Amino acid sequence: MVRLLRYLFYGCFIRLIVLIVLGLNVRHRHRLPKFGPAIVVANHNSHLDTMVLMSLFPLRLLPKLHPVAAMDYFLGSRLFSWFTLKVVGILPIKRKVERGDDNPLEPCNQALREGQVLIVFPEGSRGEPEHLQSFKGGIARLAENNPAVPVVPVFLHGLGKALPKGEAVLVPFFCDVFIGEPMSWTGDRRSYMHQLDERMKLLAAEGNFPTWE
Amino acid sequence: MQLDVSSAVLWSLGGLYGILIIASLVVMFLLWRGPDKDQTELVQRIRSWWYIVTIFTFAMVMSRHVAVVFFAFVSFLALKEYLSIVPTRRADRRVLFWAYLAIPLQYYWVSQAWYGMFIIFIPVYVFLLLPMRMVLIGETKDFLRAAGTLHWGIMTLVFGISHIAYLLVLPQERNPSAGGAGLVLFLVFLTQFNDVAQYIWGKLLGRHKIIPKVSPNKTWEGFLGGLATTTLLAFLLARWLTPLAWHWALLAGVLISVAGFIGDVTISALKRDIGLKDTGSLLPGHGGILDRIDSLTYTAPLFFHFIYYLHY
């Protein structure tokens, strides 16, 4: 029943909004992972980011697709938690780690061992619309823990215009989705973060975006 | 309400498929002749044409309302593409939302055949309302540029394109052989045909550039060749699809060809200003939807008022 609801939510409702109200210019779609385990990382400007990334994958992969999301934000009331966990299908992690806690990334490692595809926003929060923020280091830690898992960087543009943080009215815009080559583990975190940063900047430079100030 | 699709309209739609089949055969022949030549764009272009013609046919034969909704959707896609490529102000996000709302309203007036409202809603009410909404938000930096950009988009892509839909609701009895659908086919087919004809004549004979600063590939030979071919075709088709007498049909052909050219280069100027080659990627081989309906932004209102003055 819940599975059916999830298929309806992503297969009909979200696809309708993403493909008709918004509309996507996708570049290099073939670089998306075709099976798990894999990690998709993207910049983050809007709640729509997750929805757009989820709708890029074929529906048969849906049971394996999980956006990694902040526990403190997405697990609220019981109904909301049920919706985010069961229908949206988030994998909740802790943003603030306290002394004595287990590795906060352990649920992600576990999911990757099970062959899932994780969607991660290493900027940590949605931030200012249409500005790239630097990625937080957790993604390097995750890659280090799972060196064999490919990481696919994705640059998103326009979703912060369509539905930015703190706005309730969705305004239609065509959005750009530029998919990068899968990256493998470089051997140490610092060079890994550097490479990821460079890849994102290169992807962003593929576009010719109008100003939005 | 069922649109009474006349046999003239059905024959013309069939003719479109005939042209598509011939075009596809020519492309296959080219692929067979030179298998090492890259024809990807041409192949994509023809494939997109198949989709466009099929959706267009479906909209035209279903019912008048379906056809009106179809053109409303074309306006929506075009306005969305436009607002996505031109610079807009963050402060105007809500204003853009109101601009989108003009689309269902404008096409509602069309579906009700309320001519008075159809003709003043955007030039008067939307024109006055949007700047007021912008002033209420209070951002004055680049105010004029933002207001001008938005109005230009709504006028060409919503007001202009909605004239095609209004042809459908004109009194059917004034064009007994084909009705409003016949006028739409005449306008849309000749406009698109003219684009292709100008392109082909330009490829075959093009020497003298016509407007090098805006569109370096356009030539006088292409323009005049297209003009002659389109005018001839207008003359041949008018008796089946329109109530126009032969001399007016020739003039309609000239009007569509010249206006189509101007619409085309106007969107080219816009793209050159922004620094884009295509306006989007919705129609593989063509570019965006603006690349496809550029000529119609000029031909639709001009042909509409031409025929409205003469016959309605």
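With 13 C-beta neighbours inside 10 Å, Ala113(B) counts as partly exposed, and this residue is a handy place to start a tour of the structure. Please keep in mind that the model is predicted. Chain B is built from 11 helices and zero strands, while chain A includes an open sheet of seven strands. The two chains touch, with 20 residues of chain B in contact with 13 residues of chain A.

**Backbone details worth a look**

- Ala113(B) has a positive phi of about 55° although it is not a glycine. You will find Ala113(B) in the loop between H4 and helix H5 (115–137) of chain B.
- In chain A, His28(A) has a phi near 60°, again a positive value in a residue other than glycine. His28(A) sits in the loop between S1 and S2 of chain A, and its 15 C-beta neighbours inside 10 Å make it count as partly exposed.
- That loop between S1 and strand S2 (38–42) of chain A also holds Pro37(A). Gly36(A) and Pro37(A) are joined by a cis peptide bond, with omega at about -5°.

**Chain B as a whole**

- Reading from the N terminus, the elements of chain B run α-α-α-α-α-α-α-α-α-α-α.
- The C-alpha trace of chain B spans about 60 × 50 × 30 Å along its principal axes.
- A compact globule of 312 residues would have a radius of gyration near 20 Å, and the 20 Å of chain B agrees with this.
- Of the 312 residues in chain B, 46% are buried.
- Taking the contacts in chain B between residues at least 6 apart in sequence, 70% join residues at least 24 apart.
- Ala269(B) lies in helix H9 (residues 246–274) of chain B. Ala269(B) is partly exposed, as 14 other C-beta atoms are within 10 Å. From Ala269(B) to Arg292(B) there are 23 residues in sequence and 15 Å in space, C-alpha to C-alpha.

**Where the chains meet**

- On the side of chain B that touches chain A, the elements giving two or more residues are helix H3 (64–85) and helix H4 (93–111) of chain B.
- The chain B residues on this side divide into nine nonpolar, five polar and six charged.

**The sheet in chain A**

- The seven strands of the open sheet follow the order S1-S7-S6-S2-S5-S3-S4, with mixed pairing.
- Strand S1 (24–27) and strand S4 (91–93) of chain A are the edge strands, each pairing on one side only.
- On average, neighbouring strands of this sheet are turned by 25° against each other, direction ignored.
- Strand S3 (residues 65–70) and strand S5 (residues 117–120) of chain A run parallel and are joined by three bridges. His66(A) stands opposite Leu118(A) in S5(A).

**Helices in chain A**

- Helix H2 (residues 48–56) of chain A is largely enclosed by the rest of the structure, because eight of its nine residues are buried. The buried residues in H2(A) include Leu48(A), Asp49(A), Met51(A) and Ser55(A).
- Helix H6 (residues 138–145) and helix H8 (residues 189–205) of chain A pack at an angle of about 115°, with their axes 9 Å apart. H6(A) passes H8(A) in a right-handed crossing.
- In this contact, H6(A) contributes Ile139(A), Ala140(A), Arg141(A), Ala143(A) and Glu144(A), and H8(A) contributes Arg189(A), Tyr192(A), Met193(A) and Leu196(A). By class, the contact of H6(A) with H8(A) has six nonpolar, no polar and three charged residues.

Conventions: Residues are numbered from 1 along each chain as its sequence is written. Chains are lettered from A and ligands numbered from 1 in the order in which they are written. This is a predicted model: local features need pLDDT of at least 70, side-chain atom pairs count only at pLDDT 80 or more; totals for chains, interfaces and linings use all residues. Two residues are in contact if their C-beta atoms, placed from the backbone, lie within 7 Å. Helices (H or I, at least four residues) and strands (E, at least two) are DSSP runs, numbered from the N terminus. Ala, Val, Leu, Ile, Met, Phe, Trp, Tyr, Cys and Pro count as nonpolar, Asp, Glu, Lys and Arg as charged, and the others, Gly among them, as polar. Axes are lines fitted to C-alpha atoms, for helices over the stretch in contact, and angles run from 0 to 180 degrees between N-to-C directions. A crossing is left-handed if the near helix is turned anticlockwise from the far one by less than a right angle, and right-handed if clockwise. Two strands pair if DSSP finds at least two bridges between them. The radius of gyration is taken over C-alpha atoms; the globule rule is 2.2 Å times the number of residues to the power 0.38. A residue is buried if 20 or more other C-beta atoms lie within 10 Å of its own, exposed if 12 or fewer, and partly exposed in between; C-beta atoms are placed from the backbone.
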